[in-house]
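Please open the model in your viewer and keep the selection panel at hand. The tour below moves from one selection to the next and says what is there at each stop.

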Amino acid sequence: MTGSSPVLLIALLATTLGQCANAFASSPRPRTSLHTNIPSSIPRRAGDGTILSAVAEPPFMPEEKEKKDKSNNDDIKDEWTESNGGFIPNILRRNTKQTEKKPNVIPVMTIQEFKDTVVDEPEKIVVVKYYAAWCGSCRAVAPRFAKLASDYASSVKFVEVPLTKENAYLHEGLGVPSVPFCHIYHPAVGLVEELKMNKKDFPVVKKALKTYVQGSCEIPEEGAILYEPMSTVTEVDNESEFE
């Protein structure tokens, strides 16, 4: 070998490497799967990038894939609105729903608004709720008042007057002794009822309103007290909203 030419050494080396490569190709080593429930030999599908994608995302059965696609489409419909060229987020639409006004209830803040909305109402009975945003009893009775407004939406006008620093004079001028409180106005005669409106007394408000809507009033028994004595200073009912 010492006398061999370099050309012969290169040819011999190339032949040896070729034989080793053929030996490895004829007996491939089995792959070890990352998941025991997935076979190590996974057939590649058209369009797959690498075999790793099959291990990370196992193929779905046709019905499972259809269910997953439908769920994704429903999520897109809830969060996005399709338009020409893409989708528009529904953030603004959700915010609009959250800020919608309560149906059938008119807010009143000033004397002029009270006159226009309540005093000058020519046809409908008007129910006015006086309340304070920070009053627990007012919050507790709010769902009942909203339900009442919904039940009589076509025949009665419902108004709410919040107690604030700017319009406290309005509550005092109207003789509101506490919150929550209720006035019922009839278009023919004006103010006809002054009632407490906490959860305990709310059935009395419902009954009184029903009699005016139906056009019939109960005659109280002799000696019955129609109203409890009321102070001239506005107070807050201490009833909890969680009772």
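Two strands are said to pair if DSSP finds at least two bridges between them, and helices (H or I, at least four residues) and strands (E, at least two) are DSSP runs, numbered from the N terminus. This is a predicted model, in which local features need pLDDT of at least 70 and side-chain atom pairs count only at pLDDT 80 or more, while totals for chains, interfaces and linings use all residues. Residues are numbered from 1 along each chain as its sequence is written, and side-chain values use heavy atoms, with hydrogens and water left out.

**The whole chain**

Of the 243 residues in the chain, 26% are buried, where buried means under 20% relative accessible area, exposed over 50%, and partly exposed in between (1.4 Å probe, protein chains only).

**The sheet**

Next, select the open sheet of 5 strands, whose order is β3-β5-β4-β7-β8 and whose pairing is mixed. Its edge strands are β3 (105–107) and β8, each of which pairs on one side only. Neighbouring strands of this sheet are turned by 25° against each other on average, direction ignored; axes here are lines fitted to C-alpha atoms, for helices over the stretch in contact, and angles run from 0 to 180 degrees between N-to-C directions.

Because 7 of its 7 residues are buried, β4 is largely enclosed by the rest of the structure. Ile 125, Val 127, Lys 129 and Tyr 131 point one way from this strand, whereas Val 126, Val 128 and Tyr 130 point the other way.

**The cores**

Which residues have the most contacts inside the largest nonpolar core? Select Val 127, Val 156, Phe 158, Ile 184, Met 197 and Leu 209, which hold that place in a core of 20 residues; a nonpolar core is a set of buried Ala, Val, Leu, Ile, Met, Phe, Trp, Tyr and Cys residues joined through side-chain atoms within 4.5 Å. The elements that each supply at least two residues of this core include α6 (136–151) and β5 (156–162), and α8 gives the most, with 5 residues. Apart from this core lies another, of 18 residues, among them Val 108, Leu 163, Val 176 and Tyr 185.

Centre on Ile 184 and show its contacts (heavy atoms within 4.5 Å). Leaving aside neighbours within four places in sequence, the residues that Ile 184 is in contact with include Val 127, Leu 191, Leu 209 and Tyr 212.

**A last stop at Thr 117**

Finally, select Thr 117 in helix α5 (residues 111–119). Is this residue buried or exposed? Thr 117 is buried, with a relative accessible area of 14%, and, not counting residues up to four places away in sequence, it touches Ile 106, Val 108, Val 126, Lys 157 and Val 159.
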